Amino acid sequence: MDKLFRFAAVTGDATVVDTKVRSARLPTGYGSVGILANHAPMLCAVSRGVVLCTLEDGSLLRLRVSEGVASVGDNELTLLCSDAAIDTAGM
C-alpha cells in the first residue's frame, strides 16, 4: 500500500503547493483533521490557520491558509482557498 498521497493547495492566482506527502493536518471549525494515504473520500470546510504536512523525506511543511474547502479522494488532497503561503518563519 502506497504511504504517500498528492497534496495541492490552490488559490485563484496560482498553485501554491503540489507535492507528495505522508500526512496532512487541516484546521477546521471543529478542530484539526488528519489525512493519511488512502483516506476515505471527504469534503470539509477549512478554517484560517496552518496546514501541517509531513513530506516524503520526513521534513515538515507549514502552509498558512485562509478559509477554504478541502477535498479528499483517489489518494489526493486538494485545498481551495483565496490565500495561501508557505510559512518559513518556523523553519
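Start by selecting Thr-11: leaving aside neighbours within four places in sequence, Thr-11 is in contact (heavy atoms within 4.5 Å) with Val-16, Cys-81, Ser-82, Asp-83 and Ala-84. You'll find Thr-11 in the loop between β1 and β2; strands here are DSSP runs of E with at least two residues, numbered from the N terminus. At 13% relative accessibility, Thr-11 counts as buried. For this and later stops, buried means under 20% relative accessible area, exposed means over 50%, and partly exposed is in between, using a 1.4 Å probe and protein chains only.

A word on what you're looking at: this is a predicted model, where local features need pLDDT of at least 70 and side-chain atom pairs count only at pLDDT 80 or more, while totals for chains, interfaces and linings use all residues. Residues are numbered from 1 along each chain as its sequence is written, and side-chain values use heavy atoms, with hydrogens and water left out.

**Next stop: Ala-70**

Now select Ala-70, in strand β7 (residues 68-73). Its relative accessible area is 0%, so Ala-70 is buried. Show what surrounds Ala-70 and, not counting residues up to four places away in sequence, you'll see that it touches Leu-26, Met-42, Leu-43, Cys-44, Val-46, Leu-77, Thr-78 and Leu-79. Then try a distance: the C-alpha atoms of Ala-70 and Glu-56 are separated by 21 Å, and the two residues are 14 apart along the chain.

**The cysteines**

One of the residues touching Ala-70 was Cys-44, and one of those in contact with Thr-11 was Cys-81. How many disulfides does a search of the whole structure find? It finds zero, where a disulfide would be a pair of cysteine sulfur atoms within 2.5 Å. Cys-81 is in no disulfide either, as the nearest cysteine sulfur to it, that of Cys-53, is 12 Å away. Both stops are buried: Cys-44 has 16% relative accessibility, and Cys-81 has 7%.

**Salt bridges**

Side chains of opposite charge can pair when their charged atoms come close. The structure holds four salt bridges, each one a side-chain nitrogen of Lys or Arg within 4 Å of a carboxyl oxygen of Asp or Glu.

Select Asp-18 and Arg-6, a salt bridge in which the closest N and O atoms are 2.9 Å apart. This pair links distant parts of the chain, with Asp-18 in strand β2 (residues 15-28) and Arg-6 in strand β1 (residues 5-10), twelve residues apart. Asp-18 is partly exposed at 47% relative accessible area, and Arg-6 is partly exposed at 29%.

Move on to Asp-87, in the segment after β9 (84-86). Is Asp-87 buried or exposed? With a relative accessible area of 8%, Asp-87 is buried. Asp-87 forms a salt bridge with Arg-62, the closest N and O atoms being 3.2 Å apart. Arg-62 is in strand β6 (residues 60-65), 25 residues from Asp-87, and is partly exposed at 24% relative accessibility.

Elsewhere, salt bridges that share partners join Arg-6, Asp-18 and Glu-76 into one network.

**A cavity**

Keep Glu-76 selected, as it is one of the residues lining the largest cavity; the others are Phe-5, Ile-35, Leu-36, His-39, Val-72, Asn-75 and Leu-77. A cavity is a set of points, on a 1 Å grid over the protein atoms alone, where a 1.4 Å probe fits but cannot get out, and lining residues have an atom within 4 Å of a point. A search of the whole structure finds one cavity of 30 Å³ or more. Strands β3 (31-36) and β8 (76-81) each supply at least two residues of the lining.

**Two asparagines to finish**

Most residues other than glycine have a negative phi. Select Asn-38, in the loop between β3 and β4 (42-46): it has a positive phi of about 60° although it is not a glycine. Asn-38 is partly exposed, at 43% relative accessibility.

Last, go to Asn-75, in the loop between β7 and β8. Its phi is also positive, near 60°, and Asn-75 is partly exposed, with a relative accessible area of 21%.

How values were computed
Helices (H or I, at least four residues) and strands (E, at least two) are DSSP runs, numbered from the N terminus. On a 1 Å grid over the protein atoms alone, a cavity is a set of points where a 1.4 Å probe fits but cannot get out, and a pocket is an open set with protein on both sides within 12 Å along at least five of seven lines; lining residues have an atom within 4 Å of a point. Grid points are joined across faces, edges and corners, and a volume is the space filled by probe spheres set on the points.
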